[in-house]
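Subject: Structure handover

Hello,

Here is the structure I said I would pass on.

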Amino acid sequence: MAKYIVKKSVPLRGEVEISGAKNAVLPLMAATLLNPEECVIRSVPDLKDVQVMMEILESLGASIDVTAPGEFSISSRQIKTTEAPFNLVSKMRASFLVMGPLLGREGVARIPLPGGCSIGARPIDLHLKGFRALGADIIMHEDGAFSYVEAAAGPKGLIGDRIYLDFPSVGATENIMMAAVLALGTTYIENAAEEPEIVDLANFLNKMGAKIKGAGTDTIRIEGVKSLHAVKHTVIPDRIEAGTFMLAAAITKGHVTITNVLPDHVKPIIAKLRECGVRIEEGDDYLEVMGDQGPLVSTDIKTLPYPGFPTDMQSPFMAFLTVCNGNSTVIETVFESRFMHVAQLNKMGASIETAGSRAFVKGNSRLRGCEVMATDLRAGAAMVLAGLVAEGQTEISEIYHIERGYENFIEKMRGLGADISKVES
Ligand code: UD1
């Protein structure tokens, strides 16, 4: 099993370039299933999750060529099967995103229930509510060790309707939006998620001939079209990767320039870091983050759907708060059990107590390196951040979680002066 070894590091300095967003590229890849013509996607990060999505698309009949570093050409001239393989879907929750495009294009789909990070129940009821509203029959099957969802549209295919999401789920908004692109008539998604990744997906779909308006607001209108055409698109920068490097600069009291970032997408992280005494200069597509301008002080955070503070930054930010002066409260409202990193941080000497969806963080902790686990993708990033300032050596296991979502993480961190390496044990 591979591990990361992180040693107490110097203040990070230099420049780091952010990769294309994992959470944008996965739905874009799924969306190519709607289109029989060539889809070129640029700025694709080299990640395990992207690899899994590639394999799923290929199993469904897509042919994929890597035409240049970070550039994929995907053609799904014909869909070979509408059944996604369990061994791949079980690795990643985002694989359920192939259901909308398959149902939209072929009128049927059979998908095992998805895997991914264990951060709460993560049901798919809102996805299914949307497909049902578009006229699909949904049957849940239990087949021995695993369950799967079977969906079938009526004889005319899916038919546009008005769908209200009880929670602005990112995945449900994306899945329903993709299903509705080729539907008959117009679909409205109300209380839709407003994340930048939704806007990127709508832009990609519109470039291939879809008629989507309102992405980035709480109501998305999708007018069904009959056919789609070839498209070229560049993935937006990864705001969560950017936030992670902003925190790496802050926690080590360093001075880092982050390029290929859209400051608008990381507004809550900029605001919260400023409250903590970090100086941040914003350019059009870069940020200069200075943690060396004075004492770091605590603040409270509460996760919310976009444009609120992102749940994916909750654990990395909590690692940072453990060393700030003063106490903080962290409230998680998006997922119901996303505090697994607390036990790991406490093992390193942090003092954090939880009660339901709240965590109370005592600041000024003197962290010390020890053996910890990446309990999920972002919790893994939190462990690395803590390791950068902990006395001695931090050994992080289960790092496959981190590699699912951060491209060249070790290389990028080392480029800024972090003492981090990967060992096979
Ligand atoms: C996406 C992101 C993930 C991020 C999350 C919230 C990708 C690939 N992943 O995940 O990194 O943490 O958004 O910003 O883009 N829910 C339901 N029923 C549903 C669907 C969701 O109750 O049918 C609930 C979930 O249990 C959760 C909340 O809604 O509590 C948010 O989930 P959702 O926005 O769907 O997250 P994902 O799309 O899975």
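An oxygen atom of the ligand lies 2.7 Å from a polar backbone atom of valine 170. A ligand oxygen is also 2.7 Å from a polar backbone atom of leucine 126, and a ligand oxygen is 3.2 Å from a polar backbone atom of proline 123. These are polar contacts in the sense used here (a pair of N or O atoms within 3.5 Å; within protein, one must be able to donate a hydrogen and the other to accept it, and residues adjacent in sequence count only if both atoms are side-chain atoms). On its own the ligand has 730 Å² of accessible area, and the protein covers 87% of that (Shrake-Rupley method, 1.4 Å probe; for residues, only the protein chains shown count as cover).

Please keep in mind that this is a predicted model, in which local features need pLDDT of at least 70 and side-chain atom pairs count only at pLDDT 80 or more, while totals for chains, interfaces and linings use all residues. Residues are numbered from 1 along each chain as its sequence is written, and side-chain values use heavy atoms, with hydrogens and water left out.

The ligand shell

The ligand is surrounded by 18 residues, the closest being Asp125, Leu126, Ser169, Asp312 and Val334 (a residue is near a molecule or strand if one of its heavy atoms lies within 4 Å of it). By type, the shell divides into eight nonpolar, five polar and five charged residues (Ala, Val, Leu, Ile, Met, Phe, Trp, Tyr, Cys and Pro count as nonpolar, Asp, Glu, Lys and Arg as charged, and the others, Gly among them, as polar). H5 and H6 are the elements that give two or more residues to the shell, and H5 gives the most, with three (helices, H or I, have at least four residues and strands, E, at least two; both are DSSP runs numbered from the N terminus). The ligand lies between domain 1 (2–19 + 237–424) and domain 2 (22–234), because both give residues to its shell; the bounds come from an automatic or database domain assignment.

Salt bridges

The structure holds 21 salt bridges (a side-chain nitrogen of Lys or Arg within 4 Å of a carboxyl oxygen of Asp or Glu). One of them joins aspartate 312 and arginine 338, with the closest N and O atoms 2.8 Å apart. Aspartate 312 is in the loop between E17 and H10, and arginine 338 in the loop between E18 and H11, so the pair ties together parts 26 residues apart in sequence. Both aspartate 312 and arginine 338 are buried (under 20% relative accessible area; exposed is over 50%, partly exposed in between; 1.4 Å probe, protein chains only).

Lysine 129 pairs with aspartate 166, the closest N and O atoms being 3.0 Å apart. Lysine 129 sits in helix H5 and aspartate 166 in the loop between E9 and H6, 37 residues apart. Lysine 129 is partly exposed at 33%, whereas aspartate 166 counts as exposed at 51%.

Lysine 8 and glutamate 391 form another salt bridge, at 3.7 Å between the closest N and O atoms. This pair links parts of the chain 383 residues apart. Lysine 8 is partly exposed, at 44%, and glutamate 391 is partly exposed, at 40%.

Helix H10

H10 is mostly covered, with eight of its eight residues buried. Among them are Phe317, Met318 and Phe320.

Regards
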